[in-house]
Amino acid sequence: MTTIESRLRRHIDAIAPPVEPDTVVDGSAPNGGPGRDRTRWPLRVAATTLLVAGLAATVALLVDRPASAPVAGPPSTTPSADTTAATTMSTAPVATIRFMVDAGDTVEQIGEQLADSVDTIGAADFGRSVEQAASESDFVVDGTSSPEGLLAPGTYDIAPDASATDVVTQMVHRMNAIGEQSDIATRGAALGRSPYEILIIASMIEQEALVAGDRARISRVIHNRLFVTANDPEEPFSLQIDSAVLYGRSQEDIDPDLPFSQLRTIPTDWNTYLLPGLPRTPIAVPSRESIEAALEPAPNPTPDDPICRDLSEPKDCFLFFYVIAEEDGAMAFAATAEQHESNVERARLLGVI
């Protein structure tokens, strides 16, 4: 099964029967709600390559022998062994282990992969270190101890004797640098969001988007729903991000075989069908691209957009829904539940969900 095929299959459970009104805060999308059902977290294998900076080190041996008795005759023009015994010792280049953190990885996955790659680091050591290093993050807020979403993706060259603390600190500081480069504090504030909330949104975008071009529009859907909830808390428009619900399943050790239609009725801090707003923490490592999408959501469609033309008020046209609709993983977006149901039916006919 190809990567895209396996990722597409994660959407199947998302098109589940609607949750009964007495078990879910309604105001949500009809069955086929936004996002994809990631029935299992993707296994991302960290690329680890042992890099040797040189083929060998040349070590000159120390000459240690007694001085010879004086020899009669003319002095030799060849330097004696004693004068050439000055030794130069060169140290072998230190090998490093190349380790890859993929966007979309979770802290648990990173720890497991790192323990498999670096002999001096165990998964438990990594877990303890990453919780302590969270305090060095520029993003974490008071009362939040979870390190999820605070580690930067990318390639790391790790010394064979590195400690878990060394590695985690490097990852946290790199994410701090990404946040500074993106001006996440100022731009997030313009959206009414803290830097940590932007990371939460970016992590969901990372897990939901199957093609790069959908990131900004998924971000728009999330921001639109949050806006409705903030302005009408009595009738919240829940996010219904399936990947967040599945992350909550792993955090709460819920039966992995439980059908998604039942899973989304179980309260957790990440059940975005029941929560009126954002989940408690990020759900994965966000890429720079997803952070940018969270900070710069796509504009809502214009009145002459096909999505808006049939509305009674085309100028009041907002993206609220999406569902996977193409074999490459591209999403179909909608402004109304009726449009969304039509997109869901078309996706079923095409066999992509």
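1. Helices here are DSSP runs of H or I with at least four residues, numbered from the N terminus. On that basis, in this predicted model, D253 is placed in the loop between α8 (242-251) and α9 (260-263). Its phi is positive, at about 55°, although D253 is not a glycine. Because exposed means over 50% relative accessible area, D253, at 69% relative accessibility, counts as exposed.

2. With a relative accessible area of 35%, D183 is partly exposed.

3. Turning to helix α3, which spans residues 123-133, the buried residues are F126, S129, V130 and A133. Seen down the axis of α3, these buried residues fall within an arc of 100°, so they line one face of the helix. The face turned away from that buried side carries E131 and Q132, both of which are exposed. The cover over the buried residues of α3 includes α2 (107-117) and α4.

4. As to confidence, the chain has a mean pLDDT of 80, and 73% of its residues reach 70 or more. Over residues 1-88, however, pLDDT stays under 50, and for this stretch the model has 177 contacts beyond four places in sequence.

Note on methods:
Residues are numbered from 1 along each chain as its sequence is written. This is a predicted model: local features need pLDDT of at least 70, side-chain atom pairs count only at pLDDT 80 or more; totals for chains, interfaces and linings use all residues. Side-chain values use heavy atoms; hydrogens and water are left out. pLDDT is the predictor's confidence in each residue, from 0 to 100. Contact means heavy atoms within 4.5 Å. Buried means under 20% relative accessible area, exposed over 50%, partly exposed in between (1.4 Å probe, protein chains only). Helices (H or I, at least four residues) and strands (E, at least two) are DSSP runs, numbered from the N terminus. The arc is that of the directions from the helix axis to the C-beta atoms.
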